[in-house]
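Student: I have a chain open in my viewer and would like to talk it through. Could we go step by step?

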Amino acid sequence: MKLPDKIYDILKWISTVVLPALATLVLAIGQIWNVTVWTVPIGATIAAVATFMGAVLGISSIQYAKQKGDETNER
């Protein structure tokens with residue numbers, strides 16, 4: 001399945017900017033307000049989702065480049 005470029009760019013932005021920033025925010029606020037019971041698992045889950053999305057999008061980018069015959073793996 002080939003993602004449209006706009007969707008790919010949005011997903012890449014979410015996985016590289018939004019989710020890591022959100023995980024950091026959740027963990028920081030949890031420490032500030034001393035409510036680490038839920039913030040650590042939530043922050044770790046967000047970070048795991050961001051890592052998974054980054055890996056899947058990276059593989060997708062490599063496959064896309066191979067189909068186009070490019071030597072680079074950038075879209």
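Student: Gladly starting with burial: what percentage of the 75 residues in the chain is buried?

Tutor: Buried means under 20% relative accessible area, exposed over 50%, and partly exposed in between, with a 1.4 Å probe and protein chains only. This is a predicted model, where local features need pLDDT of at least 70, side-chain atom pairs count only at pLDDT 80 or more, and totals for chains, interfaces and linings use all residues. Residues are numbered from 1 along each chain as its sequence is written, and side-chain values use heavy atoms, without hydrogens and water. For the 75 residues here, the buried share is 21%.

Student: Is the chain spread out or compact next to the globule rule?

Tutor: Let's begin with the elements: there are two helices and zero strands, with helices (H or I, at least four residues) and strands (E, at least two) taken as DSSP runs numbered from the N terminus. The radius of gyration is 16 Å, well over the 11 Å that the globule rule gives for 75 residues, so the chain is more spread out than a compact globule. That radius is taken over C-alpha atoms, and the rule is 2.2 Å times the number of residues to the power 0.38.

Student: How far is glutamine 63 from isoleucine 46, C-alpha to C-alpha?

Tutor: Glutamine 63 sits in helix 2 (residues 36-68) and counts as partly exposed, at 49% relative accessibility. Glutamine 63 and isoleucine 46 are 17 residues apart along the chain, and their C-alpha atoms are separated by 26 Å.

Student: What is phi of asparagine 34?

Tutor: Asparagine 34 lies in the loop between helix 1 and helix 2, and is exposed with a relative accessible area of 63%. Most residues other than glycine have a negative phi. Asparagine 34 has a positive phi, near 55 degrees.
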